[in-house]
Amino acid sequence: LCSVSACPERLDKVVFALLILSLYFGIGDNTDAQSIQSTASLLYFVCAICGYGAAAFVPSLTLERSLYYRELADGCYRPHTYYMSKFVEEGVLATITSLVFVLVIYFGCALQGSFFLLFVSYYLTTMMGIILAYAVAAVAPTMEAANAILPTLVTIWMYFGGLFIVFDKISRGWFWFSWTSFLRYAWGAVMLNQFKGEENGEIPIFFGENGENMDVLEFYGLEGPIMGSVGSCLGLLAGLLAFFSFIGVLGLIFIRHDQR
C-alpha cells in the first residue's frame, strides 16, 4: 500500500492520464500546424504536473519531524540515511506509476520517438519534483510555508521552460535564470524525442523574426550541443536532481524547526 502522503499523488496520475487521453487522443503523429503546437503544449503540461503534483510529498517530511528528531537523538540513523530511505521508497513507487502513466499517453496520444526515452524523461522529472518537495520541506519552518513555497518555485520556473517565451526572447538579465529551470531540460528531452527526425518535426510551420521558415524544434530553440541533445538535457536534469538532494540533506543537518 502507498503511504498516506503519496496516495493523492498516485491518484493525480490517474486523473491526469485520463484527462490527457480524452483531450489529446491520437494527436501526436498528426502533421498539421495546430496538432504540432498542441502536442508541444501537451508535453510541457506533462512535465509541469510533476512539479505541482509533488506538493503531496511535503507532509512526508514535515509531519514526521518530531519522530525524526527523537530517533536522530537516539542515534538510530543519520540525516542522509533518513533522506535516502525516503528517496528510495518513493523512487520505487514512482517507477510503477510513471510506467503506467507513460504507457497511457504514449500509445493513447500516438506519441513518437522512443518509449524508453519518454519513460526515463518523465521518471526523472517525477523524481525531480519529489526531491524538490523534500528540499523545500526540509528548509521551510512549517508545512503551510512549504506548501506556499513549492508551487511558487514551480510556477516561476514554468515561465523559463521555453514554451511561454522562447529562449531567444528572454531578456539578458533573466536568461541565466532559465538554466536553473528543471522544466527547460525535461521539456527539451521529450520534445527532441517526439519531433527530432520525424516528419511532423521537420515541417516549417513557424516563421522567424526575419520571416524565415522554421520547424518546431528550431522555433523553440531546441538546437545545439545542449538543448539539441536528449542526453545533455537528461544529464542536466539529473544534475539538478542531485543538487536539490544535497540542499535537502543540508537542511536536515543544519536547520532545526523543533522548539527547545
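To count as a salt bridge here, a side-chain nitrogen of Lys or Arg has to sit within 4 Å of a carboxyl oxygen of Asp or Glu. Bear in mind that this is a predicted model. With that rule, you get 2 salt bridges.

One of them joins the side chains of Glu64 and Lys86, at 3.2 Å from N to O. Glu64 sits in the loop between helix H3 (58-62) and helix H4 (65-73), while Lys86 belongs to helix H5 (residues 79-108), so this pair ties together parts that are 22 residues apart in sequence. How exposed or buried are the two partners? Glu64 is partly exposed, at 28% relative accessibility, and Lys86 is buried, at 8%.

Glu209 and Lys169 also form a salt bridge, with their closest N and O atoms 3.3 Å apart. Here a loop meets a loop: Glu209 lies between strand E1 (206-207) and strand E2 (213-214), and Lys169 between helix H7 (143-159) and helix H8 (172-178), so parts 40 residues apart in sequence are tied together. Glu209 counts as exposed, with 68% relative accessibility.

Now for the inside. The largest nonpolar core holds 82 residues, and Trp187, Met191 and Tyr220 have the most contacts within it. Helix H6 (residues 115-139) is the biggest contributor, giving 15 residues. Take Tyr220: its contacts include Trp187 and Met191, along with Phe167, Phe206 and Gln37.

In soluble globular proteins, nonpolar side chains tend to be buried together. On the surface, though, Leu11, Val14, Val15 and Leu18 make up a nonpolar patch with about 380 Å² of accessible area together. Leu11 is part of helix H1 (residues 7-24) and counts as exposed, at 54% relative accessibility.

Methods: Residues numbered from 1 in each chain as written. Predicted model: local features only at pLDDT ≥ 70, side-chain atom pairs only at ≥ 80, totals over all residues. Heavy atoms only, no water. Patch = residues over 30% accessible without salt bridge, like charges linked within 9 Å, V, L, I, M, F, W, Y side chains within 5 Å. Areas by Shrake-Rupley, 256 points an atom, 1.4 Å probe, with all protein chains shown as cover. Helix = DSSP H or I, 4+ residues; strand = E, 2+ residues; numbered from the N terminus. Buried < 20%, exposed > 50% of the residue type's maximum accessible area, 1.4 Å probe, protein only. Core = buried A, V, L, I, M, F, W, Y, C linked by side-chain atoms within 4.5 Å. Contact = heavy atoms within 4.5 Å. Lists of a residue's contacts leave out its neighbours within four places in sequence.
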